[in-house]
Amino acid sequence: MATRAQKIRLGLFMLLSFLMLFGSVGVLAGLQLWNPRDIYFVRYRESVSGLEIGAAVKMKGVRVGRVEKIRVAKDAESVEVTLALDPQTPVTVDTRGVVAAIGITGLKFIELTGGTAKSTPLKPNKKTSEIKAGESVLQTLTGKATDIATKMEAALNNVLALTNQANRTRVSKLLDSTT
């Protein structure tokens with residue numbers, strides 16, 4: 001049978017163990033509470049497949065925050081992404097949020113681009129704190145491919161016009177007259 005002193009030591013051990021456990025949980029949870037963040041929004045009209053809550057937000061390759069929330073907007077035509085950024089992040093009205101891929105994994109993050117020191121700072125933590133969506137690499141490539149296809153079609157139409165029956169007849173007569 002345990003003596004009274006052993007019971008007191010066991011009780012103190014259990015009490016200290018619980019205090020340490022709750023203290024650790026409190027500190028870890030408190031890190032989020034004590035670390036103030038500026039909230040901004042980005043509205044994308046394209047798919048954000050691969051972008052997850054907690055994904056990095058970077059500016060010039062430096063991590064400045066994370067994706068806080070992703071939801072389909074009320075208009076059902078766009079996706080609203082909520083960003084939690086470090087308070088020192090220089091976000092201006094001409095800053096753009098571009099969805100970019102990390103390597104070949106398909107995971108996505110948001111790269112904040114543009115923005116100049118001369119531009120007006122964008123105020124955080126308001127419904128109007130919206131960073132404009134930038135054009136992703138896929139959109140840029142699609143646009144360039146469309147331009148190339150249009151130019152190729154024009155070039156082929158010119159070649160067809162040059163090689164029509166009337167021009168072939170003229171070239172044939174010209175070659176016959178030179179011999």
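1. Start with a definition. A residue is buried when its relative accessible area is under 20%, exposed when the area is over 50%, and partly exposed in between; the probe is 1.4 Å and only protein chains count. Asn125 has 48% relative accessibility, so Asn125 counts as partly exposed. Ala76 has 60%, so Ala76 counts as exposed.

2. A word on the model. This is a predicted model, in which local features need pLDDT of at least 70, side-chain atom pairs count only at pLDDT 80 or more, and totals for chains, interfaces and linings use all residues. Residues are numbered from 1 along each chain as its sequence is written, and side-chain values use heavy atoms, with hydrogens and water left out.

3. Now the barrel. Seven strands form a closed barrel in the order β1-β4-β3-β2-β6-β5-β7, and the pairing is mixed. From one strand to the next the twist averages 35°. For such angles, axes are lines fitted to C-alpha atoms, for helices over the stretch in contact, and angles run from 0 to 180 degrees between N-to-C directions. Helices (H or I, at least four residues) and strands (E, at least two) are DSSP runs, numbered from the N terminus. Two strands pair if DSSP finds at least two bridges between them. Strands of a sheet pair through backbone hydrogen bonds, either parallel or antiparallel.

4. Look at strand β2, residues 56-59. β2 pairs with β3 in the antiparallel sense over four bridges. β2 also runs parallel to β6, joined by three bridges. Follow Val57: Gly65 stands opposite in β3, and Ile110 stands opposite in β6. The hairpin of β2 and β3 has two residues between the strands, and Lys60 there takes a positive phi near 55°.

5. Strand β5 (residues 95-101) comes next. β5 runs parallel to β7 (residues 130-133), and two bridges join them. Arg96 faces Lys132 of β7 across this pairing.

6. Check two loop residues. Ala76 sits in the loop between β3 (62-72) and β4 (79-85). Its phi is near 60°, a positive value in a residue other than glycine. Asn125 belongs to the loop between β6 (108-114) and β7. Asn125 is not a glycine either, yet its phi is positive, about 65°.

7. Last, helix α3. α3 covers residues 165-178, 14 residues that should span 20 Å at 1.5 Å a residue; the end C-alpha atoms are 20 Å apart, which agrees. The expected span is 1.5 Å times one less than the number of residues. Of the 14 residues of α3, one is buried, so the helix lies largely in the open.
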